Each structure stands twice: as structure tokens, then as C-alpha cells.
Amino acid sequence: ITANNDLVQDSEHLTLDLDPDNEFIWNELVLAKVQKRFATLVGEYSGKELTDYNLRKIGSDLEGTIRQLLQAGELKYNPDCRVLNFSMGLPRTKDLL
């Protein structure tokens with residue numbers, strides 16, 4: 001839930017602050033894929049206690065999805081990001097051979 005582009009705390013729903021540092025260039029299709037995966041992961045824990053372990057598992061699984069999108073070329077690093085730390089691995093480059 002957002003208000004003025006800021007996340008609003010909601011004790012009834014698990015929310016996702018996706019890419020707060022603007023590290024990636026997002027398009028609607030890729031954003032929808034990540035949001036769908038997040039909803040699926042959260043749904044798997046429906047009715048269960050959200051322990052630290054479970055929350056970390058959701059985060060790790062979601063990170064893997066983002067890494068796959070990056071490796072497939074569907075998601076790209078934002079060259080205008082204030083800090084390029086390549087958190088998901090080095091950018092892929094085409095071989096010049």
C-alpha cells in the first residue's frame with residue numbers, strides 16, 4: 001500500500017519495497033512477474049506464522065527470480081543509479097568473437 005509513492009505500514013498484509021535504490025530499469029511486464037512471484041510465495045505461507053526463517057526464504061526466492069530475469073535480459077541495471085554495486089552479479093555482455 002502506498003501514499004505519495006511511500007510505503008504505508010499495514011499490519012494485515014506483507015508488502016514489498018521493490019528496488020528502493022533504483023538499481024534496475026523496470027518495465028511493466030517484468031514488474032508484474034516479480035509481483036506475481038511475490039504473491040505466490042506469500043500465499044504459500046498463508047495461515048502459517050511468518051517467522052524470520054520464512055521471511056528470509058521468501059526474500060531469497062524472490063531474489064532468485066530477479067536474478068533470473070536479469071540473466072535472461074528481461075531486467076537491466078540502471079546506469080544512473082547512485083551506486084552501481086551489481087548486487088545480482090556482473091552485467092552480461094555480448095561476446096565480440
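**Note on the predicted model: salt bridges, helix faces and surface**

1. R67 and E63 join their side chains in a salt bridge, 3.6 Å from N to O. This is a predicted model. R67 and E63 sit four residues apart in helix α2, so about one helical turn separates them. An α-helix has 3.6 residues a turn, so residues three or four places apart point the same way. R67 is partly exposed at 27% relative accessibility. E63 is partly exposed too, with a relative accessible area of 38%.

2. D61 and K57 meet through their side chains at 3.3 Å, N to O. These residues are likewise four apart in α2, about one turn of the helix. D61 counts as partly exposed at 23% relative accessibility. K57 is partly exposed at 33%.

3. How many salt bridges are there in total? The count is three. The remaining pair is K33 with E74, whose closest N and O atoms are 2.4 Å apart. This bridge links distant parts of the chain: K33 belongs to helix α1, E74 to the loop between α2 and β4, and 41 residues separate them. K33 has 34% relative accessibility and counts as partly exposed. E74, at 31%, is also partly exposed.

4. Now the overall layout. The protein chain contains two helices and four strands. Their order along the sequence is β-β-β-α-α-β. The chain has 97 residues, and 22% of them count as buried. Take the contacts between residues at least 6 apart in sequence: 55% of these join residues at least 24 apart. The chain exposes about 7600 Å², with carbon and sulfur atoms supplying 50% of that area.

5. Does the length of α2 agree or disagree with its residue count? It agrees. The helix runs over residues 52-71, 20 residues in all, and at 1.5 Å a residue it should span 28 Å; its end C-alpha atoms are 28 Å apart. Just after α2, G73 adopts a positive phi of about 85°.

6. V30, V34, F38 and L41 are its buried residues. They fall within an arc of 75° when seen down the axis of α1, so they line one face of the helix. E28, L29 and K36 are exposed on the other side. The cover over the buried residues of α1 includes α2.

7. Next, the loop between β2 and β3, where D19 is placed. Is D19 buried or exposed? D19 counts as buried because its relative accessibility is 15%, and the cut-off for buried is under 20%. D19 touches F24 and W26, leaving aside residues up to four places away in sequence.

8. L14 lies in the loop between β2 (6-7) and β3. Its relative accessible area is 33%, so L14 is partly exposed. Which residues form a nonpolar patch on the surface? The patch is made of L14, L50 and L55, with about 210 Å² of accessible area together.

Methods:
Residues numbered from 1 in each chain as written. Predicted model: local features only at pLDDT ≥ 70, side-chain atom pairs only at ≥ 80, totals over all residues. Heavy atoms only, no water. Expected span 1.5 Å × (residues − 1). Patch = residues over 30% accessible without salt bridge, like charges linked within 9 Å, V, L, I, M, F, W, Y side chains within 5 Å. Areas by Shrake-Rupley, 256 points an atom, 1.4 Å probe, with all protein chains shown as cover. Salt bridge = Lys/Arg side-chain N within 4 Å of Asp/Glu carboxyl O. Buried < 20%, exposed > 50% of the residue type's maximum accessible area, 1.4 Å probe, protein only. Contact = heavy atoms within 4.5 Å. Arc of directions from axis to C-beta.
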